[in-house]
Amino acid sequence: MGDHHVHLHPHGPYTGEGPPPGEYPPGHLEAYVETALARGADEVGFTEHLYRCVESAEVLGAFWATEPREDLARQAEAFVREDRTLSLERYVDAVVAAKDRGLPVLLGLEVDFFPETIEAVTAFLEPYPFDFLIGSVHWVGGWSIDHGDVAWEFERRGVRRAYEEYFALERELAASGAVDVLAHVDVVKKQGHRLPEPPVDLYRPVVEAAAATGTAVEVSTAGLHQPAGELYPHPTFLRMFREAGVEITLASDAHRPEDAARDRALAVAAAKEAGYHRRVTFEQRRRRFRPLEDEP
Ligand SMILES: [Zn+2]
Ligand SMILES: [Zn+2]
């Protein structure tokens with residue numbers, strides 16, 4: 001069983017922790033694999049952020065420019081400018097080289113979803129030898145929906161409306177069929193903003209779109225370490241995916257080696273609780289199934 005959501009650099013300005021952004025010295029990828037294997041995983045799927053790669057500037061464009069709220073647009077623009085320090089070419093080369101060294105790794109990418117650019121992004125990524133793509137909604141228009149610095153927007157907009165806008169995009173992402181896995185599918189809850197009941201009416205269109213396009217969903221432990229304090233997706237949401245026949249991966253969303261495959265047993269337990277017996281892995285965008293029973 002793998003960890004199918006792993007980054008090679010923390011966000012933000014370089015603090016001296018790990019190698020400088022865009023550099024992959026000997027042993028760096030190995031450190032992730034070692035930790036993940038020690039925690040019972042059998043492979044690591046690296047999924048660097050597309051928006052962090054300088055090559056993505058052209059294809060993603062200035063997506064914040066159409067945001068009517070100027071404070072949100074400014075935050076998004078500044079955040080992307082600060083964080084766009086990686087090279088897609090060098091990242092791909094580093095993972096392919098690790099594969100060539102015999103490491104149990106997969107080449108993936110975390111693709112940012114914007115309805116207006118997803119077709120261009122798909123065409124842009126086509127020449128690369130990706131094993132799998134995961135898709136994320138990090139921005140609703142120009143609002144960084146999961147970023148603590150602009151979490152006050154939940155009060156301004158209202159939590160229900162924020163959820164509606166977020167899940168409408170998530171549904172569009174699932175319906176696009178552009179990615180293999182939906183990443184942190186209810187990340188809108190990350191900063192702790194909740195509705196009184198799980199919004200089943202908003203979940204359902206996402207589940208149906210994922211089932212129709214054969215897009216999987218990740219069971220991610222990252223939310224346990226955020227104000228949300230729970231896995232993505234919510235147990236009710238995960239059960240709905242299961243009932244619709246949507247496949248799963250397991251994910252840590254690690255940004256440093258020591259977090260690879262973190263809390264994995266909790267993700268496996270949640271998947272089993274929802275009725276899953278298998279998980280999916282990928283090779284050159286083709287699906288392979290592995291029994292969940294093998295998981296420690
Ligand atoms: Zn993400
Ligand atoms: Zn991520």
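**Notebook: the two zinc sites**

I started with the zinc ion (ligand 2): its protein donors are His5 (NE2), His7 (NE2), Glu110 (OE) and Asp253 (OD), at 2.0 to 2.3 Å. I counted as donors N, O and S atoms within 2.8 Å of the metal (3.2 Å for Na, K and Ca); water is not among the atoms, so sites may look incomplete. This is a predicted model: local features need pLDDT of at least 70, side-chain atom pairs count only at pLDDT 80 or more, and totals for chains, interfaces and linings use all residues. Residues are numbered from 1 along each chain as its sequence is written, chains are lettered from A and ligands numbered from 1 in the order written, and side-chain values use heavy atoms, without hydrogens and water.

Next, geometry. The 4 donor atoms around ligand 2 subtend angles of 79 to 168°, so the arrangement is irregular.

I then read the spacing, H-x1-H-x102-E-x142-D. Histidine 5 lies in strand β1 (residues 2–6) and aspartate 253 in the loop between β9 (248–251) and α10 (264–273), so the pair ties together parts 248 residues apart in sequence. Strands (E, at least two residues) and helices (H or I, at least four) are DSSP runs, numbered from the N terminus.

For the zinc ion (ligand 1) I found Glu110 (OE), His138 (NE2) and His184 (NE2), at 2.1 to 2.2 Å. Glutamate 110 coordinates both zinc ions, which are 3.4 Å apart.

Last, burial (under 20% relative accessible area, 1.4 Å probe, protein chains only). Glutamate 110 is buried at 0%, and histidine 138 is buried at 8%.

Definitions and conventions. Four donors count as tetrahedral if all angles lie between 85 and 135 degrees; four count as square planar and six as octahedral if opposite donors are over 155 degrees apart and all others between 65 and 115; anything else is irregular. Buried means under 20% relative accessible area, exposed over 50%, partly exposed in between (1.4 Å probe, protein chains only).
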